Structures are given as structure tokens and as C-alpha cells.
Amino acid sequence: MFAAKSHTSRHYIPIVAMACLCVLLGGPSYAAGAESLIIAGATYYEPGVSGPGWVWTDADHLELNGYAGEAIGAEGDLVLTLAGQNSVTESHATDADITLCGMEVWGNLTLRGTGTLTATGSQCGVHVSQALAVEGCTVDARADGADITDEAIAGVIAGDMAVRGGGHVVAAGAGSGAGVRAYGVYLQDAGLGDGVAGCRLSVEASWLDATGADGGVACTGGSLVSARFVAPAGGTFGASGVVDASGAVAPHVVIEPDVATPPAGETDGDNVPGDSSSKSPADANPAAGELTTGPTANPALKPAATTTKTSTTVTKTTVAKTTKPKTATTTTATLPKTGDSNWITASVTLFLLGTVLLAAACRC
């Protein structure tokens, strides 16, 4: 009797293992993506929703086509595909989740597509806590400094920034409040933990026009590939931003594609035209100013709001907006789906284990 029971028990082992394997293989793949989306004044926690000019197709992908409305925010990595003309503007409502930026993403953000995006806010047009990539599309990001004091403002605030694939970016920051420091692009250490590798700008065969009284581009370094500085004359990357040939901070930075390709990582400040207005996306040119702070001095953003899920809309409770460290981050705006690869590896391992156990049971 004991032998028979033992023989039967051995058959249960592969059956249970294969059942677990089937459940795992049939389970969802938890890919990296946004945990929630704020758009048009409402908060959503699951993709598959849409509205006028927008559709949230899956966790890490949002599409805009003719959207014109309130600010857009996302918690986690997001790829935003643009078609047609789109615009986002900060909400001035006292209970709004996003009150300072046109677009705010706590993670990596990739902007791509054939369309355009205009983003405006009081402190920043586009805020990305980690890396921003602009691929082929046109982005106009501006901060007007309204009611801002003792803060840094910029058209774009991000950890790292890459413009590639023929992308066009115009970024401008302006403000007259006490203690305001205005930049076009402000790359800050937002918890990336990359040290000298973070807070960098890269432009590859693309256009960038950045304007700010305290610096067109504030960053710790950068590189140009198939692109060159049109302004400032003799422009280069300094210790805390783009500077001119004399080493002075440049309030207006224009980068354009170069017909002659310089070596990767090198810049070309020679042969600078006297007038770039016919080529650059914008011609804003505020008064020159000195860089008053390095890019690692994070501007403290105005407190935003957390949400309590009710359905697709939420009640809002104000909390301080702070940098949210992640256990694993990347230095580019490419959105790696490490969860998928780990899931596949685990599934294959379980499958092989189940096969071995089943074979062992059959021999018994």
C-alpha cells in the first residue's frame, strides 16, 4: 500500500508543476509603464480609455491627435506619439493635480511622431523627472514665470535630454519675480544617481533653440552628432551649461544639423552664421545674464496633489511634490521593459523544470 501511494504521489509532482507553469505563462506581463494618467482634469488608472484628441492605448503609450486642453501628467515611463497639432496648458484651478507645468512625467518620457506639441506653464512647459527624448517631432515648451519667486523656471526641466531623428525643440523660460532664474533647458539631478553621466544634453542631426536670461541650456555636459552650434559663436559645453568662446554663459543657444558630420561627441563652433533666424525654430532673445546656479540645484516645484481613486476621477489632497527615487533607472529616454525579459526567463526556466519532472515521473 505504501509503495502504491508513493508512486501516485510522484505523479502529482509534474502535474502540479505544469499547472503552475500554465498559470504563469497565461498571466499578464507587467511591463514598465505609467501607473496613472492625468489628462483633461481627470485621473485614470487603467489604459484603454480615450477622449477628444487623445487615447491611452496601453500602460506606456499615449497618443495625441489634435488635443488642446489642460495639463497632462503621468506616474511612470511614457511614450507619447504626436499627430497633428497639440497643446497642453497648466491648470490654474486651486485643486488641480498639476499646477505648474503643461506636461509632467515622473519617469522617462519619449516624444515621437509626425505632429507637434506646444506646452506652457508658469514654472515649466515640460517637466520630466528622469530622461526626455524628442524623436522626429516638433516641441515648443515655454515657462512664463507667472507668480513664481525664488525658483528656477525653464521651458524644459529634465534629468537628461536627447533630441534626435530630425526633432525640433524650442524651449524658453522668462520671469520677473524675485529670485527667479530663467533657462531655456534646465537639466537637473532628479534622483538619477548617474553622477557626471547625468544632466547631459545630446543632439543628433536635429534642431534646438533654447532661451533664458540666466542660460539657454543649463547642464553638466553634452555632445553633438551631425549637428553644430549656430549660437553662441564658438559655443561649447561648459561645467554648468553652454558657454560662448569667452566662457560666458550663453542666454540663447541654437543648434542645427550640420552637413559635415563631426566626430561623435565633439562640437563645431566654427563658421557660425551671423543670423540664424531663418533656420532656427524660434528667435526669442532675452537680455544676457549670468548663470546663478548649477544644474544640480533642483528647483522646488510647487506642491501638487495626490489622488484617491473613485472611478476615473478622483478627489485631491495636497502633498509636497518631491523627487521619487526608483530602484532601477536608465540614463536615456528609451523605455526598457525589463519586466518582460525577466518574465520570459522565468517562464522558460519553469517550463524546462516541468519537462524534467514529467520525464522523471514517466520513468517511474
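## The chain at a glance

Of this chain's 364 residues, 45% count as buried. Keep in mind that you're looking at a predicted model. There are 2 helices and 29 strands in the chain. Take the contacts with a separation of 6 or more: 64% of them come from residues 24 or more positions apart.

## A look at strand 12

Now for the partners. Strand 9 (residues 85–89) runs parallel to strand 12, joined to it by 5 bridges, and here Ser-87 stands opposite Thr-118. Strand 15 (residues 138–143) is also parallel to strand 12, with 6 bridges between them; in this pairing Ala-119 faces Ala-141.

The structure holds 1 disulfide. It links Cys-101 to Cys-124, with 2.4 Å from S to S, and it's right-handed, with 50° about the S-S bond. Cys-101 belongs to strand 10 (residues 101–106) and Cys-124 to strand 13 (residues 124–128), so the bond ties together parts 23 residues apart in sequence. Cys-101 counts as buried, at 0% relative accessibility, and Cys-124 is buried at 0% too.

Cys-199 is in no disulfide: the nearest cysteine sulfur, on Cys-219, is 8.6 Å away. Cys-199 is buried, with a relative accessible area of 3%. Cys-219 is in no disulfide either, and it counts as buried at 0% relative accessibility.

Methods: Residues numbered from 1 in each chain as written. Predicted model: local features only at pLDDT ≥ 70, side-chain atom pairs only at ≥ 80, totals over all residues. Heavy atoms only, no water. Pairing = 2+ DSSP bridges. Helix = DSSP H or I, 4+ residues; strand = E, 2+ residues; numbered from the N terminus. Buried < 20%, exposed > 50% of the residue type's maximum accessible area, 1.4 Å probe, protein only. Contact = heavy atoms within 4.5 Å. Disulfide = S-S within 2.5 Å.
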